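Here is a short report on a protein model. Look over the sequence and the structure first, then read on.

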Protein chains: 2
Amino acid sequence: MHGEPEVVDPIAELITNYNELNPAAVEELYEEPSPLEFMRFVTRNTPFVVRGAAADWEATRKWNVGFIKDSLRGETVNVAVTPQGNADSPTRHNDGTLVFAKPWEEQQPIDKFLDYVIAQERAALAKPAGEVRYAQTQNDNLRHEYATLFKDVQRDVPFARIALGAASGPDAINLWIGNSRSVTALHRDNYENLYVQVAGRKRFVLLPPHCQPCVNEQLLPPADYVRSSSSSSMTQTTTADRYPSLLGLELVKPEEAEEAVPFPTWDPDLPDQNSTAYSGLAEPLRVTLEPGDMLYLPCMWYHKVSQSCSAEGICVAVNYWYDMDFRGPLYPLSMFIRSVNSQKRCGRQNPGHGI
Amino acid sequence: MHGEPEVVDPIAELITNYNELNPAAVEELYEEPSPLEFMRFVTRNTPFVVRGAAADWEATRKWNVGFIKDSLRGETVNVAVTPQGNADSPTRHNDGTLVFAKPWEEQQPIDKFLDYVIAQERAALAKPAGEVRYAQTQNDNLRHEYATLFKDVQRDVPFARIALGAASGPDAINLWIGNSRSVTALHRDNYENLYVQVAGRKRFVLLPPHCQPCVNEQLLPPADYVRSSSSSSMTQTTTADRYPSLLGLELVKPEEAEEAVPFPTWDPDLPDQNSTAYSGLAEPLRVTLEPGDMLYLPCMWYHKVSQSCSAEGICVAVNYWYDMDFRGPLYPLSMFIRSVNSQKRCGRQNPGHGI
């Protein structure tokens with residue numbers, strides 16, 4: 001009635017409305033939920049942590065460095081190698097462009113891999129720190145590459161299998177072994193995720209799917225870290241496991257341009273860098289998993305994962321990916337937000353209005 | 001790469017994506033779902049019908065005209081009176097404006113109310129048809145106004161109470177008694193709704209919440225049907241129950257302007273009238289409830305309800321309203337769609353682009 005009507009920015013309004021209606025912290029449980037209780041969280045697309053859910057798993061009790069070496073003696077494992085612990089992360093290329101950096105992958109003997117990870121962790125303050133190694137293949141590796149360890153974890157998460165009607169169990173079960181130098185950049189997956197900490201700690205920073213306009217998604221051309229060919233025969237050398245590694249890694253753009261990947265470039269832990277007009281409205285949830293804790297990370301939630309190590313100097317976790325349901329409102333509405341935000345950015349219509 | 005890049009309309013894309021990912025019909029069950037099975041529908045915000053779920057309820061077996069009259073003998077009930085069966089509907093006022101028409105409400109003896117409804121139904125082809133009467137108070141009337149009938153229905157819907165964690169039961173249980181002249185206009189409620197057909201049939205036309213841009217929501221000023229005061233003493237007359245009624249109803253705008261109500265003006269059964277640029281993309285779901293059937297009408301779904309009568313000439317239904325969960329993505333995202341659509345309509349930015 002008085003002067004100009006207030007122009008509301010629908011995106012700002014969405015983020016604010018959600019924040020007002022939803023808890024500002026990750027709910028903590030001390031017992032596993034029933035399938036029905038779990039399904040209520042799925043309905044709300046809301047995370048929770050169960051403290052100690054896996055405290056009595058064989059994995060949590062037995063998986064130290066010696067046990068893992070014994071279980072996999074003589075075997076090699078796929079290791080992701082990067083200079084900064086930046087596998088699958090937005091990275092500045094030498095030519096100045098921001099790229100989606102994919103790690104160099106190579107097979108390493110399990111004992112040499114672990115020795116390197118531990119040595120680097122123990123000398124964490126030393127410079128140069130050397131390349132960062134992370135066993136992080138997300139291809140159901142615990143039922144294949146690490147099959148001898150699989151018996152020490154649950155075959156699935158029953159409350160999730162029952163609730164989601166996933167009679168055939170999880171789509172993938174992944175093992176993660178690394179040290180505090182590896183950070184998984186903010187991203188999201190189209191899976192319902194149950195994440196179990198085994199050794200060391202993981203710190204999650206979480207944002208719900210509708211925060212897409214906050215994360216400054218950019219179309220990043222992929223690039224690959226490549227180890228110079230003269231030093232690629234890791235499995236035959238005896239010095240390659242020395243810390244720090246001096247072997248050269250180069251970030252190489254593919255000769256034939258690959259499809260660019262839409263990827264967040266905002267880091268909630270560095271909120272003033274690469275921010276959008278909406279980043280300041282986001283209220284990231286933060287939760288730290290201790291050994292034996294289980295996190296429900298709902299489908300399509302953005303997550304950044306940092307880690308710290310056990311006394312031995314490793315960080316070990318297992319996660320269960322269950323297929324998400326693309327039916328219903330969540331998936332198409334999440335795509336809708338991206339489209340609205342994209343048109344807003346392209347059209348520069350009222351940028352940042354109402355914030 | 002060739003010519004102009006295709007401009008995608010996010011709203012059109014949303015509706016199309018949803019249609020591709022979701023079934024084009026209401027799922028039919030022949031047993032009640034478990035609480036967990038029900039919760040999967042709640043998660044997907046997707047309706048279903050359970051054929052025969054209430055076939056053995058006392059209500060379904062006993063509620064005929066004689067039984068209802070006996071149960072409520074000597075009592076009066078609240079009756080909504082309109083000229084066209086258009087209670088709570090967009091209606092053209094004499095001055096040419098579209099208003100939200102609220103019915104005239106009066107207390108009528110139960111037997112006279114029923115006699116009128118039946119007489120009108122039996123003479124449905126006669127003209128003039130007379131005013132339309134509908135017992136449709138949605139104020140938990142079955143546990144209050146019609147308390148003597150309540151023992152013949154379930155106190156709640158156990159699978160819903162358990163799934164939704166609604167320990168105190170439904171928020172409201174409503175009884176509906178009318179004839180085929182009453183139509184409930186397309187609208188939506190912020191409730192999880194379990195709808196049980198007792199006598200006669202109801203035909204639902206359903207649209208999911210994200211179809212807000214299809215329904216041509218308009219801000220309608222409310223107006224009230226008022227019966228001329230000289231004929232308002234329904235309970236004392238003996239002629240008022242005569243069919244057809246000749247008593248005058250006038251649609252009156254309140255002296256002090258009341259807040260306008262956002263309300264759909266598109267009717268999926270008349271798709272070419274009052275349509276928007278998006279109406280043609282909507283794929284309404286249609287389902288007819290027979291006596292004993294139960295419909296899960298998810299929160300925030302648009303629904304239009306038409307009805308036909310039992311052999312006796314009445315249509316009777318009961319519905320259970322459970323509180324919806326305003327946490328999670330559905331509610332704020334539904335408001336977001338309204339805001340985006342509203343700005344699009346106001347700004348005339350690319351109206352109908354990409355459709």
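Glu290(B) is partly exposed, because its relative accessible area is 36%. (Buried means under 20% relative accessible area, exposed over 50%, and partly exposed in between, with a 1.4 Å probe and protein chains only.) Glu290(B) forms a salt bridge with Arg201(B), and the closest N and O atoms are 4.0 Å apart. A salt bridge here is a side-chain nitrogen of Lys or Arg within 4 Å of a carboxyl oxygen of Asp or Glu. The two residues sit in distant parts of the chain, 89 residues apart: Glu290(B) is in the loop between S16 and S17 of chain B, and Arg201(B) is in strand S11 (residues 201-207) of chain B. Arg201(B) also counts as partly exposed, at 35% relative accessibility.

Helices (H or I, at least four residues) and strands (E, at least two) are DSSP runs, numbered from the N terminus.

## How to read the model

This is a predicted model, in which local features need pLDDT of at least 70, side-chain atom pairs count only at pLDDT 80 or more, and totals for chains, interfaces and linings use all residues. Residues are numbered from 1 along each chain as its sequence is written, chains are lettered from A and ligands numbered from 1 in the order in which they are written, and side-chain values use heavy atoms, with hydrogens and water left out.

## More salt bridges

The structure holds 47 salt bridges over all chains. Side chains of opposite charge can pair when their charged atoms come close.

In chain B, the side chains of Asp9(B) and Lys344(B) meet in a salt bridge (3.3 Å, N to O). Asp9(B) lies in the segment before helix H1 (10-21) of chain B and Lys344(B) in helix H8 (residues 330-347) of chain B, so the pair ties together parts that are 335 residues apart in sequence. Both Asp9(B) and Lys344(B) are buried. In chain A, Asp325(A) forms a salt bridge with Arg327(A), with the closest N and O atoms 2.9 Å apart. Asp325(A) is partly exposed, at a relative accessible area of 30%. Arg327(A) is partly exposed too, at 36%.

## A charged network in chain A

Which residues are linked in a network of salt bridges? They are Arg203(A), Asp267(A), Asp269(A), Arg286(A) and Lys304(A). Lys304(A) lies in strand S18 (residues 302-308) of chain A. Lys304(A) counts as buried because its relative accessibility is 9%.

The side chain of Lys304(A) makes a polar contact with the side chain of Asp267(A) (3.0 Å). A polar contact is a pair of N or O atoms within 3.5 Å; within protein, one must be able to donate a hydrogen and the other to accept it, and residues adjacent in sequence count only if both atoms are side-chain atoms. Leaving aside neighbours within four places in sequence, Lys304(A) is in contact (heavy atoms within 4.5 Å) with several residues, among them Val183(A), Leu186(A), Phe204(A) and Asp269(A).

## Strand S17 of chain B

Both faces of strand S17 (residues 294-297) of chain B are covered. Met294(B) and Tyr296(B) are buried on one side, and Leu295(B) and Leu297(B) are buried on the other.

Strands pair if DSSP finds at least two bridges between them. Three bridges join strand S2 (residues 48-50) of chain B to S17(B), and the two run antiparallel. Phe48(B) stands opposite Tyr296(B). Strand S10 (residues 191-199) of chain B pairs with S17(B) over four bridges, also in the antiparallel sense. There, Tyr195(B) has Leu295(B) as its bridge partner.

## Where the chains meet

The contact takes 40 residues from chain A and 40 residues from chain B. The two chains bury about 3,400 Å² between them, 70% of it on carbon and sulfur atoms. Buried area is the accessible area (1.4 Å probe) that two parts lose on being put together, summed over both. Arg44(A), Leu333(A) and Phe336(A) supply 18% of the area that chain A buries against chain B, more than any other three residues.

How many salt bridges are there between chain A and chain B? The count is zero. Even so, the interface has 11 residue pairs in polar contact, with both residues at pLDDT 80 or more. The largest share of the side of chain A that touches chain B, 10 residues, comes from H8(A).
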